[in-house]
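Subject: Structure for you, with notes

Hello,

Here is the structure I promised to pass on. My notes follow below it.

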Amino acid sequence: MLIPRGLLAAPTDQGTPVAEQVDVLVVGSGVAGLSAALAVPEGLRVLLATKDRLGHSATRYAQGGIAAVLDLVDDSVAEHVADTLAAGAGLCDPVAVRMLAAEGGQAIADLRARGVRFDQGELDGELARTREGGHSRSRVVHAGGDATGAELERALTEAVRAAPAVRSAEHAFLVDLVTTDDRVIGALLWSDDGPRLVRAGAVVLASGGAGQLYADTTNPPLSTGDGVAAALRAGAVLADLEFVQFHPTALHVDGDPRPLISEAMRGEGAVLRDGDGTPLMAGVHPLGDLAPRDVVTRAMAARMAATGARHLWLDATSVPAEHLERRFPTILARCRAAGIDPSRQPIPVSPAAHYLMGGVVTDLDGRTSLPGLFAVGEAACTGVHGANRLASNSLLEGVVFAARIGRVLGRGPVDNPAQPPHPFGYAPPPGDPTAAGPGTTRPGGAGPGGADPGAAGPGAGPGTGAGWVRGRVRRLMTDKVGVVRSGEGLAEAMGELERLTVDLGDPGPEVFEVANLVQLGRAVAELAARREESRGGHWRSDHPAPVDAWRVRQTLARTADGGLEAGLLAVPEDGGGPVTVTAAATPEVGR
């Protein structure tokens with residue numbers, strides 16, 4: 001598959017738009033984007049662009065809370081670091097993890113100052129805390145019982161609307177990043193049914209993840225990886241895309257997204273059971289039902305495969321009903337809407353795609369491999385999550401790294417000392433594989449080399465409409481690049497993704513999203529096929545154990561001719577520093 005430099009590289013029927021100028025363009029309005037916009041120093045003009053509307057992002061679906069060390073008597077930063085490193089299965093950047101944990105207390109204080117109302121504990125002034133999967137201590141603060149994300153989005157959205165230097169653009173879709181001389185200088189948005197060009201001194205990608213790659217996901221329909229795909233097309237270095245976290249307990253009912261059943265419920269005493277009532281995690285892991293998510297998901301998948309069950313059960317009937325009502329009002333309401341009363345009967349649950357550990361590679365201050373471009377939140381790959389994210393570290397990461405980006409922007413002109421030495425920037429030459437012409441059909445929005453839209457292959461379908469292609473990508477990724485993977489299945493997935501085509505002749509968000517999903521699906525499958533081991537959120541049935549030689553991170557970048565170039569990043573033992581990328585090479589594993 002050839003990846004284009006841009007989805008819209010030629011003028012549309014509306015002509016070339018006149019550029020508007022801002023100091024900082026923030027793309028995305030979840031906790032990371034809102035926090036980044038608020039962190040920009042005074043005196044700088046900010047445009048916050050969101051593909052939907054303010055107050056509607058994946059953040060609002062977050063239930064559990066934010067992990068932070070607030071009690072240095074019963075907890076410590078060192079223990080939070082240790083839990084994060086253990087969950088990350090050997091691929092976390094320890095420097096980034098220590099920084100994240102150390103700055104967690106200040107992040108909570110900043111959120112409270114901006115109006116976030118966290119649940120109170122029994123002692124006056126103390127915040128209530130719970131324990132989630134992979135945590136050795138109760139350090140997860142929450143709001144509204146199980147509505148932490150909604151409360152964060154409410155408070156931060158109000159703060160953004162009240163900030164005089166921040167302007168918002170709703171229903172403004174990121175199409176492409178604009179570069180010159182290997183530097184990001186702005187972005188092309190799609191707004192009011194036409195292109196909108198924004199020039200900016202700095203662009204901050206906070207556009208979220210790509211849960212819509214999968215048929216079963218806890219992510220809303222807007223989670224299509226637009227920022228990550230745009231960064232790939234612009235030449236930025238991505239990493240860790242093969243690591244996808246599947247939350248073990250999504251409510252097993254029809255729906256898109258699938259309702260999440262927070263693992264905080266297991267932290268309060270709920271137990272996973274199979275159809276016979278046998279506890280699933282007994283003897284599987286020392287933390288039992290609160291083992292890291294990848295461990296629980298694999299155990300569920302194995303039990304379901306062995307018994308032929310389509311789901312397992314989360315039994316919360318031993319938890320006092322009044323406690324369930326107070327602590328999990330959102331979850332109980334969703335279960336009851338499906339005809340399930342968790343206080344009286346077990347909840348049917350099954351795994352669903354939840355979080356992308358990979359993204360655009362950044363340093364500790366959110367800078368990417370392209371000068372002028374920052375990334376934060378799920379769109380970024382900071383190194384803190386490794387091969388598997390520790391529960392409730394994602395909201396924390398968004399707030400902490402947004403603040404660090406703000407401090408960088410306050411120090412003067414944007415530069416990027418962390419840029420890898422490899423020349424990843426690219427200015428499109430004549431003949432570049434782009435997808436810009438009316439009526440043009442390209443593979444995933446790519447370019448020459450795709451099959452005829454009518455050509456059929458294994459699994460190929462009859463049409464190229466955006467809706468059909470989107471559904472096919474999601475089914476393909478779920479079946480071949482999901483919880484359980486194999487070399488054969490990954491090869492089939494990559495082959496079919498090469499053949500899928502998207503007609504960009506009628507440009508707009510619907511087709512842009514599908515093009516992004518095809519491109520990202522191919523990137524995820526590429527790195528999953530290369531990693532011949534099982535680790536964290538990547539489980540290969542044909543390579544079921546971790547391999548020490550594979551204790552490296554994989555990168556991916558677009559080459560000048562539109563191809564994909566894989567590389568390797570060493571995992572730091574005790575220091576970060578500039579990102580260095582090596583040429584692709586498969587680790588020696590005795591073959």
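One term first: buried means under 20% relative accessible area, exposed means over 50%, and partly exposed is in between, with a 1.4 Å probe and protein chains only. This is a predicted model, in which local features need pLDDT of at least 70 and side-chain atom pairs count only at pLDDT 80 or more, while totals for chains, interfaces and linings use all residues. Residues are numbered from 1 along each chain as its sequence is written, and side-chain values use heavy atoms, with hydrogens and water left out.

The overall picture

The chain has 591 residues, and 59% of them count as buried. Its secondary structure comes to 14 helices and 22 strands. Helices (H or I, at least four residues) and strands (E, at least two) are DSSP runs, numbered from the N terminus. Contact means heavy atoms within 4.5 Å. Among contacts in the chain with a separation of 6 or more, 73% are between residues 24 or more positions apart.

Aromatic rings

Rings of Phe, Tyr and Trp (its six-membered ring) pair if their centres lie within 6.5 Å; planes under 30 degrees apart are stacked, over 60 edge-to-face, and the rest tilted. The count by this rule is three aromatic pairs. One of them is F173 with F512, a tilted pair at 5.8 Å centre to centre, with 40° between the planes. This pair links distant parts of the chain: F173 is in strand β7 (residues 173–180), F512 is in helix α14 (residues 509–530), and they are 339 residues apart.

A charge sits over a ring if NZ of Lys or CZ of Arg is within 6 Å of the ring centre and within 35 degrees of the ring normal. R389 lies over the face of Y355, 4.3 Å from the ring centre.

Cavities and pockets

On a 1 Å grid over the protein atoms alone, a cavity is a set of points where a 1.4 Å probe fits but cannot get out; a pocket is an open set with protein on both sides within 12 Å along at least five of seven lines; lining residues have an atom within 4 Å of a point. Grid points are joined across faces, edges and corners, and a volume is the space filled by probe spheres set on the points.

How many cavities of 30 Å³ or more does a search of the whole structure find? It finds five. The largest cavity holds about 720 Å³ of space. It is lined by 49 residues, with A58, T59, Y355, E378 and L395 nearest its centre. Elements giving two or more residues to this lining are α1 (31–39), β7, α6 (226–234), β14 (347–356) and α11 (394–409). The lining of the largest cavity has 17 nonpolar, 25 polar and seven charged residues. Here Ala, Val, Leu, Ile, Met, Phe, Trp, Tyr, Cys and Pro count as nonpolar, Asp, Glu, Lys and Arg as charged, and the others, Gly among them, as polar.

The largest pocket has a volume of about 590 Å³. Of its 24 lining residues, D216, M304, S350, P351 and T478 are closest to the centre. α8 (293–307), β14 and α12 (466–480) each supply at least two residues of that lining. The lining of the largest pocket divides into 13 nonpolar, five polar and six charged residues.

Helix α1

α1 is largely enclosed by the rest of the structure, because nine of its nine residues are buried. Its buried residues pack against β1 (20–27), β2 (46–49), α5 (148–162), β6 (166–169), β9 (194–205) and α11. Take A36, which is in helix α1. A36 counts as buried, at 4% relative accessibility. Not counting residues up to four places away in sequence, A36 touches V26, V204 and A402.

Best wishes
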